[in-house]
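Me: I would like to learn how to read a few features of a protein model. Please take them one at a time.

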Amino acid sequence: MNNKTRIAIIVASVLASGVLSRDGAGGDDEQDKSGPPTAPDRQAGPYPGCVKIFDGKSFEGWEADPSTWSIADGTMRGVGGTSRLAYTTADHGSFRLIFTARMNPVNGDHLGVLFWGDRPKDPSKPKIDNAGWIQFMPPHGAMWDYHPPRHHNLSHETLAQGSRDFTRWCTTELLCNLEKGTMRAAVDGVEISRYSHRDAGERKDPERRIIPGPIGMFRHGSGASEYKDIYLEDNPREDKLLTVR
């Protein structure tokens with residue numbers, strides 16, 4: 001074998017090695033890019049331990065009847081129709097919920113978030129009355145009880161007066177502990193309400209029980225309710241409100 005032949009063989013080997021190297025690197029890059037994407041309703045958010053459960057683009061993870069619920073400018077908007085509630089497909093017992101909401105327009109109406117009630121069977125006409133729900137109403141901080149035999153105002157501790165400006169975007173945080181039967185609520189960085197259920201351990205009596213169930217965003221009357229930036233932490237690790245300054 002002469003020198004020219006040896007040189008040709010060496011050059012060919014070097015070139016082949018370079019091609020293989022590039023192909024291998026390219027394959028790794030493509031594999032990284034094609035990994036399983038984060039589900040749109042489970043994106044990590046700005047609050048430690050919380051995940052985003054409404055992506056502003058779809059109702060994945062929610063039951064939301066189209067007669068009432070639509071998506072407008074990244075918000076979950078409820079107005080008119082037959083459904084009073086858009087609710088999660090998963091049940092939640094102890095949880096932290098953080099969301100931003102307003103009325104647009106108000107029309108004498110109010111916002112609300114419902115929890116610890118029976119799962120509705122029909123999203124177009126979800127049962128609320130006598131279904132055991134607890135309701136918190138931001139930004140003013142009122143509460144309502146939907147246990148049978150008749151729904152009514154719910155006694156709770158008021159720590160600070162909430163706003164009654166329903167047209168302004170407000171951020172609400174609920175910290176709910178099913179085993180203790182407690183709820184703490186903050187609006188725009190101020191804790192305004194606390195609630196303790198009188199029968200924290202009751203799971204069967206329909207007039208007294210609290211149970212794991214869906215979380216529902218309320219469309220109450222003739223106004224338009226808008227909800228966005230909804231984050232959730234199941235079984236919170238810390239008994240503190242993340243939004244409170």
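Me: Which residue lies over the face of Trp169?

Reply: A charge counts as sitting over a ring if NZ of Lys or CZ of Arg is within 6 Å of the ring centre and within 35 degrees of the ring normal. Here Lys228 takes that place over Trp169, at 4.2 Å from the ring centre. This is a predicted model, in which local features need pLDDT of at least 70 and side-chain atom pairs count only at pLDDT 80 or more, while totals for chains, interfaces and linings use all residues. Residues are numbered from 1 along each chain as its sequence is written, and side-chain values use heavy atoms, with hydrogens and water left out.

Me: How many aromatic pairs does the structure hold?

Reply: A pair of aromatic rings is described by the distance of the centres and the angle of the planes. Rings of Phe, Tyr and Trp (its six-membered ring) pair if their centres lie within 6.5 Å; planes under 30 degrees apart are stacked, over 60 edge-to-face, and the rest tilted. The structure holds five such pairs. Tyr47 and Tyr231 form an edge-to-face pair, because their ring centres are 5.4 Å apart and their planes stand at 75°. The two are 184 residues apart in the chain: Tyr47 is in the loop between strand 1 (43-44) and strand 2 (51-52), and Tyr231 is in strand 17 (residues 225-234). Strands here are DSSP runs of E, at least two residues long, numbered from the N terminus.

Me: Is Tyr231 buried or exposed?

Reply: Buried means under 20% relative accessible area, exposed over 50%, and partly exposed in between (1.4 Å probe, protein chains only). Tyr231 has 10% relative accessibility and therefore counts as buried. Tyr47, at 21%, counts as partly exposed.

Me: Which way do the side chains of strand 9 point?

Reply: In a regular strand the side chains alternate between the two faces of the sheet. In strand 9 (residues 134-137), Ile134 and Phe136 point one way, Gln135 and Met137 the other, and all are buried.

Me: How many bridges join strand 9 to strand 10?

Reply: Two strands pair if DSSP finds at least two bridges between them. Four bridges join strand 9 to strand 10 (residues 142-145), and the two run antiparallel. Met137 has Ala142 as its bridge partner in strand 10. The hairpin of these strands has four residues between them, and Gly141 takes a positive phi near 95° there. Strand 8 (residues 113-115) is also antiparallel to strand 9, joined by three bridges, and Leu114 has Gln135 as its partner.
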